[in-house]
Amino acid sequence: MRYLCLIYDEEKKLASMPKSESDAFMGEYFTFTDGIKKSGHHLGGEALQPVHTATTVRVRNGKMSTTDGPFAETKEQLGGYYLINARDLNDAIQVASRIPSARLGSVEVRPIMEFDQQ
Amino acid sequence: MREDAADQVRELVDAVYRSDSRRVLATLIRLLGDFDLAEEALQDAFTAALEGWPVDGVPANPRAWLISAGRFKAIDGIRRRARFDIASRTRAAQFDGGVAGFVEMDDAVEDDRLRLIFTCCHPALPPDAQVALTLREVCGLTTEEIARAFLTQPPTLAQRIVRAKAKIRDARIPYEVPTREDLPSRLDAVLQVVYLVFNEGYSASSGTSLTRHDLSTEAIRLGRLLVELLPEPEAVGLLALMLLHESRRAARTTPAGALVLLEEQDRSQWNRDQIVEGTALVERALMSRRFGPYSLQAAIAAVHAEAPVAAATDWAQIVGLYDVLFRADPSPVVELNRAVAVAMRDGPAAGLALIDAILARGELTDYHLAHSARADLCRRLGKQAEAATAYRKALDLSRQDPERRYLERRLRDIGTSI
C-alpha cells in the first residue's frame with residue numbers, strides 16, 4: 001500500500017542552523033533516502049522551496065483568486081515529501097520515524113487513495 | 001420434551017456467547033480482515049448455532065464450530081454479492097486462495113485477543129476512540145452502554161467507533177501484536193486505555209455520582225485479560241493498582257452519596273480479597289525489577305491498605321515511594337501527592353511550603369485538588385481565612401457533585417469557627 005509522508009519543518013530553525021549542522025542534516029537525508037531505496041519502500045520524493053515561494057489558488061463563484069503562501073502564521077511548514085510503498089501503517093510509521101525531520105518538526109503519514117480500475 | 005431440549009440449547013448458546021463471543025470475534029477479524037464483516041459473521045454464526053444445535057447436537061468444540069460457521073457465512077455472503085459488484089469479486093477470489101486452509105491452534109486464537117486489544121488501542125487512533133473501540137470490541141459493551149457510561153449521546157459515540165474502524169481499514173492499521181522493540185511503547189498505550197476506563201469508573205469526571213461501578217469492573221476484567229495474555233510487570237502493576245483502589249469502594253461514599261476521605265473511612269468495609277490479591281500482584285511486579293509508574297502507585301496503595309487504622313499509616317515509606325515515582329514520572333500531580341504525604345510525615349507546614357512552590361510555577365493553577373489540598377493544610381495550621389479562599393477556589397474548579405458538597409461542608413465548618 002502507498003503512503004505519502006508529508007514533512008513539516010520549522011523553516012526558521014533550519015535557516016538559523018550553522019552550516020556544519022545543516023550539512024550534517026542534509027547528509028542524514030541522503031543516507032535515509034538511499035536506505036529506503038534499498039529496502040524497496042521508496043517510490044518518490046522531493047524537497048520543496050521555502051514557503052515564501054508558495055501561492056494558494058482558489059476558485060469561488062467562477063472567480064479565481066490567488067493569495068500568498070499557505071498558512072504563513074503556523075510554525076511548521078510543508079518542506080517536502082516522500083511517496084513510499086509500505087506493508088501497512090505500522091511499516092509506514094517505522095519509515096516515517098526515520099525521516100530526519102521527524103526529530104525537528106513532524107511527519108504526517110497519509111494513505112494514498114486507490115481507485116478501483118476495471 | 002423437545003421444547004425443553006431447545007430451551008437448554010438456547011441457554012447454552014447464551015452462555016457460550018457471554019464467555020466466548022469476543023474470542024470468536026477476535027479470530028474472525030483476523031480471518032476476514034475487516035471489523036464490520038467479522039461482527040456480521042459473528043451474529044450469523046450464533047444464529048446458525050441457535051438453529052442447528054437443537055437438531056444436530058452441540059458440537060464438541062463450540063468455539064471452533066462458531067469460527068468456521070462465521071467464516072463460511074461471511075465468504076458465502078461475499079460470493080453472493082460478487083455476482084453484482086466488482087470489488088467483492090476480487091475479495092471473494094482472495095478468500096478462495098488464502099483462508100481455506102486455516103487450522104485453529106489455541107496459540108493463534110489467544111494471540112487474536114491480543115491482536116484485537118493492540119489494534120483497538122493503536123496510537124494512530126484518537127484516545128477517546130481507543131477507549132470506545134476497546135469497550136465495544138474487546139469487552140462487548142453496546143454503544144448505548146458506553147455512551148451512558150461516558151455521558152455522551154449514542155450517535156456521537158457510534159460515529160467515533162465508525163470513524164475509528166474506517167481508519168483501521170483505510171490507513172491499514174495491521175491486525176498484529178507489536179514487535180519486541182515496539183512492545184513497551186505500544187503496551188503503554190493499552191495500559192493507558194485500561195487506566196482511563198478505570199479512572200472514569202473510580203472517579204467520574206463529572207455528573208451526580210462519585211463512581212461508576214460498571215466501568216471499574218470492565219477495566220479490572222480487561223486488566224486481568226491483559227495479565228493472562230501478556231504478563232508484563234506494568235500490566236501486573238496496573239491490575240494491582242485497580243484492585244487496591246477498588247477495595248475501598250464501599251467505604252468511599254456514605255449511603256447518601258457523600259464523599260468519605262481516606263483517613264475517615266471505615267476500614268472494616270474494605271474488600272479483603274481484593275487487597276490480598278492486589279498486594280500479591282504488587283510484590284510480583286516489584287520483584288521483576290522492570291516496574292514503572294503503575295507498579296509504584298500500586299505499592300503506595302498497598303501501604304495504605306495494610307494500615308489497620310489511618311494513624312498507623314507508614315508515611316515515611318509512602319514519601320519514599322513517591323520519590324521513586326517522581327523520578328519515573330516527573331509530573332506536577334505526582335509532586336502534589338508527594339507534598340501531601342510529606343505533610344503527613346513532617347507536619348502541615350512542610351507540605352504547604354511544597355504545594356505553594358508547585359502552585360507558584362503555575363502548572364496546577366486550574367487543578368481543583370491542588371487547591372483543596374492546600375486548603376486542608378491551611379485549616380490544620382489554623383489559617384482559617386486562607387483555607388476558606390482555597391476551598392472556594394477548589395469549589396469553582398470542581399465539576400463533580402459529591403466533591404462539591406464535600407467542599408461546601410468544609411467551607412461551612414470554617415465559617416462557624418471563625
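This is a predicted model: local features need pLDDT of at least 70, side-chain atom pairs count only at pLDDT 80 or more; totals for chains, interfaces and linings use all residues.
Let me begin with chain A, whose secondary structure comes to 4 helices and 6 strands, and which, if you read along the sequence, follows the pattern β-α-α-β-β-β-β-α-α-β. Its C-alpha trace spans about 55 × 45 × 20 Å along the principal axes, and of its 118 residues 17% count as buried. If we take the contacts in chain A between residues at least 6 apart in sequence, 73% of them join residues at least 24 apart.

Turning to the contact between the two chains, chain A gives 7 residues and chain B gives 8. On the side of chain B that touches chain A, we find 6 nonpolar and 2 charged residues, with no polar residues.

Now to helix α16 of chain B, which runs over residues 332-346. How far apart should its ends be? At 1.5 Å a residue, and counting one less than the number of residues, its 15 residues should span 21 Å, and because the end C-alpha atoms are 20 Å apart, the model agrees with that expectation.

The buried residues of α16(B) are Glu335(B), Leu336(B), Arg338(B), Ala339(B), Val340(B), Ala341(B), Val342(B) and Ala343(B), so the list includes Glu335(B) and Arg338(B) as well as Leu336(B). What covers these buried residues includes α15, α17 and α18 of chain B, at 315-328, 348-360 and 368-380 respectively. Finally, just after α16(B), Gly347(B) takes a positive phi of about 105°.

How values were computed. Residues are numbered from 1 along each chain as its sequence is written. Chains are lettered from A and ligands numbered from 1 in the order in which they are written. Helices (H or I, at least four residues) and strands (E, at least two) are DSSP runs, numbered from the N terminus. A residue is buried if 20 or more other C-beta atoms lie within 10 Å of its own, exposed if 12 or fewer, and partly exposed in between; C-beta atoms are placed from the backbone. Ala, Val, Leu, Ile, Met, Phe, Trp, Tyr, Cys and Pro count as nonpolar, Asp, Glu, Lys and Arg as charged, and the others, Gly among them, as polar.
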